[in-house]
Amino acid sequence: MADLQIVGQQLAELLKRQNADYIEAHLEESQYSSISYRGKQLESISKTTSVGGNVRALVKGGWGFVSFNDLNGLEEKVALAVKQARFVGKETSQFYESKPIVANVEAKIKENPALIPLSEKKQLLDEYNEAIWSTSGIQTSNLGYGDSHKKTIFLNAGGSFITQERADVTIRAVAVAAKDGDVQQAGLSEGSRDDFRPIRKLHKDIQQLAQRAVKMLTAPTLKGGEYTVVLDPILAGVFVHEAFGHLSESDFVYENAQLKEIMTLGKVFGGPQLNIIDSASRQRLRGSFEYDDEGTPSTKTYLIREGKLTGRLHSLETAAKMREKPTGNARAINYRHPPIVRMTNTYIVPGESSFEDMITDIKEGVYCKNWYGGQTSMEMFTFSSGETFRIRNGKIAEMVRPVMLSGNVFNTLMNIDAIGDDLNMNQGGGCSKGGQSSLPVSNGSPHIRIQKCLVGGK
Amino acid sequence: MEEILALAKKVAEEAEVYMVSSEETPVQFESNRLKNIQYKQSQSVALRIIKNGKTGYATATSMDNPQKLVDDAVATAESGTKVEFQFPSAKIFPKVDIFDAAVEKVSLEKMTELGEELISQVTKYSPEVICEGGVTKGTYTLNIINTRGGQAGFRQSVFGLGIEVQRIRGTDMLFVGDHQSSCHPILTTDEIVKTTIRQLELAKNIAKVTSKPMSVIFAPDGVTSSLVLPLIPAFNGKTVLEGASPISNKLGEMVFDINLTISDNPLVPYNTGSRPCDDEAVPCQVTPLITKGVVSNFLYDLQTAARAKTKSTGNGQRQGGLPSPSPHAFVITSGNVSFDDMVKSIDDGIIVEQLLGAGQGNMLGGDFSGNVLLGFKIEKGEIVGRVKDTMISGNIYQLLKNIAAIGNDAKWVGGFMSTPSICCANVSVASR
């Protein structure tokens, strides 16, 4: 197999000769292994090796992009990207000019998943499956494990040449309980960056998950409507990602005069206790990195400070067009896609309320824990819980079936009236945008309370 | 491919080599103008072996190192799944036309022109909107060979055309749009423009919705995201075998409304969901799933069929890993009620075009819930405006048991689903 470094150097020479306003390339090699179970049976074990790259060119504001697995004929590929860009471009290119960076970032791997034998991983999953099946009332289970090791090279005509490496591990467990044609399920997702160890100690969580699925069969369904809702750190993390995070991605905003007006810096989105940050420079989380896919060093960006919009996430193009500083948020899921503006590790900064303070004066409300998913259309968003309880007279009361919550960014953030002191980052999520799924991100929050939150139900 | 198969045969009892390659040219528009053109080349080879009665599986993007692929497959076979099936021998495949050489010949100029035409028609109707559009052409090639003499392959052309339109007034955001795909080039924008403008027209005003159960018309896109998503795992032979599908033991029973008929049909000429064989060289077929309300079949791949002591329905599909049962193209039979008559029959209800958050939640149990991203209010038989800040929830096994009306307006949604509008009474609606 061709050495990626050498291919990178050949590409660097080719890029310098091109007549484009900006031109960059990515190369990537990765190994991936996965194990899955359905029910008590092993479903599959597989190993995947992937090599590929791309070239992206900018001419007069127009972009060309060529992606490939075949590393031969690089000259034609580079030329094609430039030709496409020239076909598109009819304006003036605006692109933030950054200083060239040459770097080699090695992953600081604690326990390398790639070096653990398949049989040992399988043994662990057998234990997890056993934890599910030891609960009576379980109809079936689903386990999906995957680990990847990835090396990427970013280079551009300006002389940047950045090699980065990372390892990722993810696990998803689902327990399904069924009775009389009624089916309920409970799930858990965990992820880790450069370290297998967090994946090793999920026995108790997985057992609880199975018990939860069975309990849901007898749980009542909540009536739909507006409720005072308390979210646990995990679901509140999904909430901040969907409710506000996506709206702060500048590629939605930079060429849209109306959205720009809505997203004017200084605009009030929430109460003075609300602070939201996106930071890839927080160490060792799933969304962390040194350099983004345009070679920009990672930063920490205050999106909301004391309730006011103070920042947004940028690529080099959106930063230049909005005359703001780049934030290092241009990311691509792999070499098949160009980098676009993405979140990294997004979280609500902890406040001062304890969980008890938060629920004590709620006469009738809902406590939602864990997550199932979330989606946004910028103004409207939905997110769904994995576990839900009623709150009555200041106390957590009976379990109800999981719910979907929905909100409107312009009033739901304003309705957050209590922020807890117990920040927790959820590593089990991934993010989808523009056909690029699922990108490693993390999100987190302390417990939060939202007044008048719309909940779907019977 | 033959080289890999030969190498694998040396170390394993049986082997299968699967190879796909694709070329795709997306032309993308942002903020009402051409923004970028891409060319994506990709290929992948997968080796499945049977060694000591167990499955081994490895994939790679490069054919450069067949030995590594074989070694990886052997490594996974050590702890692999017990094999209960045989690879298919040589078969006769149904003839289905899915390649049109004209797709590749559509020039970048023509693709750009189509995108610009879409945008200019919509912005002519409503100058305040911002459009994103895409015109894509591509070719997809698949080849499979196995050690039992089985072999299959096809080449498919794909053309796609679509627009997403954003209208922002103050902090109110509206999203409309439409998309078409075919194995033929789509050289007219009329239908997409018509649908999009109609949606903009209907969304002029915002109508008030009160929280209560009411009649809901699911337009074809709404049927897909709300009602049909939960049916996909329910008809998956694996879920059925595990007893986790609510219809696991309901084969031959009337579970749905007598007017509901659904089949998996991969044999519609030039539909992007069509193909002659599945991803393990089994011939594709039309499989009736619900016949006049009766559960009539489930979907199987080779391994699941062997475990369930039945035959593969040609639904073994790979999403990066080993084959698993998955529908090619759900086709819901049209009814006889026109969309307009459906609307006229409703005193107080809503139309759901797009649902945000579909697929989150207990899909397996048939539950769906979501925020109505695009929908309209019906009062006294007339559409009075757009719905906002509104959620609908329900369970498809309850709703599809008693359907109020099935439309005569079947349309393809993204190549994998053809459905008419479906009207259900008493759907839970929550609004603020």
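**View 1. Contact between chain B and chain A in the predicted model.** In this predicted model, 58 residues of chain B are in contact with 68 residues of chain A. The largest contribution to the side of chain B that touches chain A comes from β2(B), with 10 residues. Other elements giving two or more residues to this side include β3 (54-60), α2 (66-77) and β21 (422-431) of chain B. By class, this side of chain B comprises 28 polar, 20 nonpolar and 10 charged residues.

**View 2. Strand pairing between the chains.** Strand β2 (residues 41-59) of chain A and β3(B) run parallel and are joined by three bridges. Within this pairing, Thr48(A) stands opposite Thr59(B).

**View 3. An open sheet of chain B.** Six strands of chain B, in the order β10-β9-β8-β13-β20-β19, form an open sheet with mixed pairing. Because β10 (294-295) and β19 (411-412) of chain B each have a single partner strand, one side of each lacks a neighbour in the sheet. Strands β8 (residues 262-264) and β13 (residues 330-332) of chain B pair in the antiparallel sense over three bridges, and Asp264(B) stands opposite Phe330(B). Helix α6 (residues 220-228) of chain B lies across β13, β19 and β20 (417-419), running at about 115° to β20(B).

**View 4. Nonpolar cores.** The largest nonpolar core has 220 residues, of which Val229(A), Leu47(B) and Ile350(B) touch the most other members. Strand β6 (residues 161-179) of chain A supplies the largest share of this core, nine residues. A second, separate core of 12 residues includes Val341(A), Met343(A), Cys431(A) and Leu439(A).

Definitions and conventions:
Residues are numbered from 1 along each chain as its sequence is written. Chains are lettered from A and ligands numbered from 1 in the order in which they are written. This is a predicted model: local features need pLDDT of at least 70, side-chain atom pairs count only at pLDDT 80 or more; totals for chains, interfaces and linings use all residues. Two strands pair if DSSP finds at least two bridges between them. Helices (H or I, at least four residues) and strands (E, at least two) are DSSP runs, numbered from the N terminus. Two residues are in contact if their C-beta atoms, placed from the backbone, lie within 7 Å. Axes are lines fitted to C-alpha atoms, for helices over the stretch in contact, and angles run from 0 to 180 degrees between N-to-C directions. A nonpolar core is a set of buried Ala, Val, Leu, Ile, Met, Phe, Trp, Tyr and Cys residues joined through C-beta atoms within 7 Å. A residue is buried if 20 or more other C-beta atoms lie within 10 Å of its own, exposed if 12 or fewer, and partly exposed in between; C-beta atoms are placed from the backbone. Ala, Val, Leu, Ile, Met, Phe, Trp, Tyr, Cys and Pro count as nonpolar, Asp, Glu, Lys and Arg as charged, and the others, Gly among them, as polar.
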